[in-house]
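This report describes a single protein chain, moving from its overall layout to its surface and its side-chain pairs. Please keep the sequence and the structure in view while reading.

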Amino acid sequence: MKISEMKADLYCIECNDDTLHNIVYLNSEIKCVECEECNRKVEVKVDLKKEVYKEIYNRVTTKPSRISQEYKKDLSKFLIKLPRRVVSKPYRAVRYLNKARNLTKKMKFK
Ligand SMILES: [Zn+2]
């Protein structure tokens with residue numbers, strides 16, 4: 001939520017003239033316009049829920065790219081780690097089998 005103010009010359013029906021007005025913005029929407037001369041205030045109904053939703057939506061839609069990038073990085077790390085772990089076990093198993101086979105061969109020849 002961001003409130004900002006801007007001054008501008010606008011026509012005031014009370015002063016019947018162009019006077020300096022204070023315009024208050026809520027995010028990018030005009031919230032109220034006040035005549036600096038007679039203090040006539042025109043409030044603009046700002047849908048607060050909509051503004052909050054827009055803000056959350058913007059935050060949510062700008063974040064996923066960062067999240068997915070971090071996720072992709074982690075996933076690639078995970079994928080690098082995974083095959084090694086998977087491969088090292090069969091290799092060890094094969095080596096053990098070969099040893100066992102060699103042993104049985106030796107046993108037979110003896
Ligand atoms: Zn005025």
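## A nonpolar surface patch

A patch, as the word is used here, is made of residues with over 30% relative accessible area and no salt bridge, and nonpolar side chains are joined into one when they lie within 5 Å. In this model, which is predicted, Met-1, Leu-48 and Val-52 form such a nonpolar patch on the surface, and together they have about 260 Å² of accessible area. Leu-48, one of these residues, belongs to helix 1, which covers residues 48-62.

## Overall layout

The protein contains two helices and four strands, and from the N terminus on these elements follow one another in the order β-β-β-β-α-α. Of its 110 residues, 13% count as buried.

## Negative charge on the surface

Which residues gather in a patch of negative charge on the surface? The patch consists of Asp-9, Asp-17, Asp-18 and Glu-37. Asp-17 is found in strand 2, which spans residues 17-26, and Asp-18 is likewise placed in strand 2.

The exposure of these two aspartates can be given in turn. Asp-17 has a relative accessibility of 44% and therefore counts as partly exposed, whereas Asp-18 counts as exposed because its relative accessible area is 51%, the cut-off for that class being over 50%.

## Salt bridges

A search of the whole structure finds two salt bridges. In one of them, the side chains of Glu-36 and Lys-7 meet with an N to O distance of 3.4 Å. This pair links distant parts of the chain, since Glu-36 sits in the loop between strand 3 (29-35) and strand 4 (41-43), while Lys-7 sits in strand 1 (residues 3-12), 29 residues apart. Glu-36 is partly exposed, with a relative accessible area of 35%, and Lys-7 also counts as partly exposed, at 48% relative accessibility.

Lys-31 forms a salt bridge with Glu-43, and the closest N and O atoms of this pair are 3.9 Å apart. Here too the pair links distant parts of the chain, with Lys-31 in strand 3 and Glu-43 in strand 4, 12 residues apart. Lys-31 counts as partly exposed because its relative accessibility is 30%, whereas Glu-43 is exposed, with a relative accessible area of 51%. As a general point, side chains of opposite charge can pair when their charged atoms come close.

Is His-21 buried or exposed? His-21, which has its place in strand 2, is buried, with a relative accessible area of 5%. The C-alpha atoms of His-21 and Glu-34 are separated by 5.3 Å, although the two residues are 13 residues apart along the chain.

Leu-20 is also found in strand 2, but with a relative accessible area of 35% it is partly exposed.

## Cysteines

How many disulfides does the count give? The count comes to zero, where a disulfide would be a pair of cysteine sulfur atoms within 2.5 Å. Cys-15 counts as partly exposed, at 28% relative accessibility, whereas Cys-35 counts as buried because its relative accessibility is 0%.

## Positive phi angles in loops

Asn-16 has a positive phi of about 55° although it is not a glycine, and its place is in the loop between strand 1 and strand 2. At 55% relative accessibility, Asn-16 counts as exposed.

Asn-39 is another residue other than glycine with a positive phi, in this case near 60°.

Notes:
Residues are numbered from 1 along each chain as its sequence is written. This is a predicted model: local features need pLDDT of at least 70, side-chain atom pairs count only at pLDDT 80 or more; totals for chains, interfaces and linings use all residues. Side-chain values use heavy atoms; hydrogens and water are left out. Patches are made of residues with over 30% relative accessible area and no salt bridge: like charges are joined within 9 Å, nonpolar side chains (Val, Leu, Ile, Met, Phe, Trp, Tyr) within 5 Å. Accessible areas come from the Shrake-Rupley method with a 1.4 Å probe; for residues, only the protein chains shown count as cover. A salt bridge is a side-chain nitrogen of Lys or Arg within 4 Å of a carboxyl oxygen of Asp or Glu. Lys and Arg count as positive and Asp and Glu as negative; His and the chain ends are not counted. The place of a charge is taken as NZ of Lys, CZ of Arg, CG of Asp or CD of Glu. Buried means under 20% relative accessible area, exposed over 50%, partly exposed in between (1.4 Å probe, protein chains only).
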